[in-house]
Amino acid sequence: MSQTLTTRVQPSLLQVEHASRWYGNVVAVNDVTMTIGPGVTGLLGPNGAGKTTMIQLMAGFLEPSAGVVALDGRPVWRNESVYRRLGLVPEAEGLYDSMTAWEFVLANAKLHSLPDPRAAAWRALGVVELQDAQGRKIGTFSKGMKQRIRMATALVHDPTVLLLDEPFNGMDPRQRLHLMDLLHRLSDQGRTVLFSSHILEEVEQVASHIEVIVAGRHAASGDFREIRRLMTDRPHRYVVRSSDDRAMAAALIADGSSMAVELDERDGLLRVQTVDSARFGWLVPQVARRAGIRLFELMPTDESLESVFGYLVTRSAR
Amino acid sequence: MNRTIAQFTYHALLGRRRMMLLLLLPALLIAMALIIRLAAGPDIDPLITTHLLQHFALGAIVPLLALLAGTGAIGSEIDDGSIIYLLAKPVRRSEIVLTKLAMAVGCVAVFGALPILITGWILTGSTLNLPVAFAVAAFIAGTAYCVGFLLLAVVSRHAVVIGLAYALAWESLVGGYLPGAGALSIQQWALAVADAMTPSTDVESMVRLAAAIPLLALAIVGGSWFAGWRLRSFTLSHAD
């Protein structure tokens, strides 16, 4: 990515204080408090967790049912002036397909009343590497290119805060790497960048700070190692099938690597709970071999992101 | 009037099949005028002209055109979410509404008022000043309709259905026949203006001009202000 934005910017803070948003009886976001500062923050959560609602609250496109969302101390709701400092990349909103990339980004620059909109539009197209496609109509773009056009419109006014809703969706690996590189550079310039994702590995590669949201609740907050530790130090559940489940249960209890072992005679299996999944996966075959038991199956039952997030929610509620 | 917002509106309004519909309605009106003129010759009874312009042009074509233009000027962008590119800018919401309204009214002027003027000329020339009277009435009614339909598009996702029900059921049926309902009919308000501009006794409104003008002003100014106010509280429809 050849073009650059302003090298250093004034830091901006997005503050969410006890924000809730409900639709009738449905609570989409429930009493969330967080502060998003300079650097890249990943808003992590499973699908339907309330990530888009959070981003819309932060972008001033949803009124909090309770609480406040403010940018540098000023509420964002019904406050058009925040868009001088804030850029938003929506997930999949429509674009003006009959406009060319140049026309569209230039129009966005003009709406910001920038002193030199043409230079700003050209620079923004360069940042997302779409200068070569500037004359093409947006309707002919691939999904990834459309995402980059959204990015260009959000960056055209050199914002200090950038909000991105699931920005990696629909991108090929090369485009993903480019976007990750761009987010890193924006972060290095002191910008506040927040992006949502439901993929832990995606967040891990970009974000220096992670906010986890599950079922509308703020489940965890911290750097990646902290979140990873929370996720791995939880109780893991396994199903074990062997040639002698009763002897296997006794051997696992004797070994001490399991928190709980339940013999399910009806289904002919063992249900085991452990806190150290890596050691457990290594240990079970050893224990089976020592006890002379044939191991048929060793399967985790709660490795889905939903169950991991669910654990974080119950943990934060305690 | 913001030229950049007008550019976005142009692409949203005229870049699609809506353009065909906007052309079709006035083409139908002018075609009807030509057929009548060819069939009846040069001495057409002004009553025929009045009926065509009042009931078909002002009563049906103008509200339908305004529905297409008024809801299309902002409704399609709200439906597909592209409005976010306008709203995520430090631009006054009233400026967005007024620019979009100007575009919609421009459509009604070009595809409604102007064809009505041409239709009147084809049928009766300048007799009784009917073409100008109905063209002015169409422009005023079209402006009021556009405000109403644009406001409807801002407050409801079902603007076209509600607007169609209003245009066809209220304006074409109820408002034209029930004296009380006529007081709340944009068509009757505009007809009062046409009535004042022509000596023809065939043009008659259920509403007096003294009442029609303040009602039109209230609808246009009040509706525009309310649309801008509601747009400040615009909420994106979907969220996970």
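Below are notes on the model, a sheet and a helix pair.

## About the model

This is a predicted model, in which local features need pLDDT of at least 70 and side-chain atom pairs count only at pLDDT 80 or more, while totals for chains, interfaces and linings use all residues. Residues are numbered from 1 along each chain as its sequence is written, and chains are lettered from A and ligands numbered from 1 in the order in which they are written.

## A sheet in chain A

Strand 12 of chain A is joined to strand 13 (residues 269-274) of chain A by five bridges. Here Leu263(A) stands opposite Leu270(A).

## Two helices in chain B

Helices are DSSP runs of H or I with at least four residues. In chain B, the axes (lines fitted to C-alpha atoms over the stretch in contact, with angles from 0 to 180 degrees between N-to-C directions) of helix 7 (residues 130-155) and helix 11 (residues 209-232) come within 9 Å and cross at roughly 25°. That makes helix 7 of chain B roughly parallel to helix 11 of chain B, a label for angles under 35 degrees.

Definitions and conventions:
Angles under 35 degrees count as roughly parallel, over 145 as roughly antiparallel, 65 to 115 as roughly perpendicular and the rest as oblique. Two strands pair if DSSP finds at least two bridges between them.
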